[in-house]
Amino acid sequence: MNAPPSLDIVDETFLAVPPATVAAVFAEPASWRRYWPDLVLEVYTDRGDKGLRWTVTGALVGTMEVWLEPVLDGTLLHYFLRATPADAAGAPRALAPRDLRREFDRRARAAKAIALGLKEILEDGREPGVPPRES
């Protein structure tokens, strides 16, 4: 039996844009490298405007998901990372509790930074409940 992942990170951020707008950001594999430069992602479920699920290799081994839930006039961006640090050969490696906590904090902060960066760019100053600007 496999051990459970040592990192289990969950994050949610509301973006005042439609799910299709957020999905377009994650549709291009080039964006994955920008957001997660030390990870190699392979899509195992493409849910279109509802998001993507990946297998993860590289610095971590496990799974990751971006689920885009339509809520009110926008999208609730759910992020899930369930993985274990990996060695250079891609095998899971155990970290000391202190180092594992640092890795958890680093990954959780990076996930929130991605979501808040997208919020700033995609919303372009739009407040919830206010129609999007005309192009």
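**Entry 1: strand β5.** I began with strand β5, residues 74-85, in this predicted model. Eleven of its twelve residues are buried, so the strand is largely enclosed by the rest of the structure.

Next I wanted to know which strands pair with β5. One is β1 (residues 7-15), which runs antiparallel to β5 and is joined to it by nine bridges. I picked out one of the pairings: Phe14 has Leu76 in β5 as its bridge partner. Another is β4 (residues 60-71), also antiparallel to β5, with twelve bridges between the two. Here I noted that Thr63 is partnered with Arg82 of β5.

I then looked at how the chain gets from β4 to β5. The two strands form a hairpin with two residues between them. Leu72 sits in that turn and has a positive phi of about 50°.

**Entry 2: Glu12.** Back in strand β1, I stopped at Glu12. Is Glu12 buried or partly exposed? Its relative accessible area is 46%, so I wrote it down as partly exposed.

Leaving out residues up to four places away in sequence, I found that Glu12 touches Leu76, Leu77, His78 and Lys112. Glu12 and Leu77 are 65 residues apart along the chain, yet their C-alpha atoms are separated by 5.5 Å. With His78, the Glu12 side chain makes a polar contact of 2.9 Å.

Entry 3: I moved on to charged pairs and found that the structure holds eleven salt bridges. As a reminder to myself, side chains of opposite charge can pair when their charged atoms come close.

I went through the pairs in turn:

- Asp38 and Arg106 meet through their side chains at 3.8 Å, N to O. This pair links distant parts of the chain, with Asp38 in the loop between α2 and β2 and Arg106 in helix α3, 68 residues apart.
- Arg107 and Asp38 meet at 2.6 Å, N to O.
- Glu103 and Arg107 have their closest N and O atoms 2.8 Å apart. Both lie in helix α3, four residues apart, about one turn of the helix.

Last, I checked accessibility. Asp38 is partly exposed at 29%, and Arg106 is partly exposed at 44%. Arg107 has a relative accessible area of 8%, so I marked it as buried. Glu103 is buried as well.

Technical notes: Residues are numbered from 1 along each chain as its sequence is written. This is a predicted model: local features need pLDDT of at least 70, side-chain atom pairs count only at pLDDT 80 or more; totals for chains, interfaces and linings use all residues. Side-chain values use heavy atoms; hydrogens and water are left out. Buried means under 20% relative accessible area, exposed over 50%, partly exposed in between (1.4 Å probe, protein chains only). Two strands pair if DSSP finds at least two bridges between them. Contact means heavy atoms within 4.5 Å. A polar contact is a pair of N or O atoms within 3.5 Å; within protein, one must be able to donate a hydrogen and the other to accept it, and residues adjacent in sequence count only if both atoms are side-chain atoms. A salt bridge is a side-chain nitrogen of Lys or Arg within 4 Å of a carboxyl oxygen of Asp or Glu.
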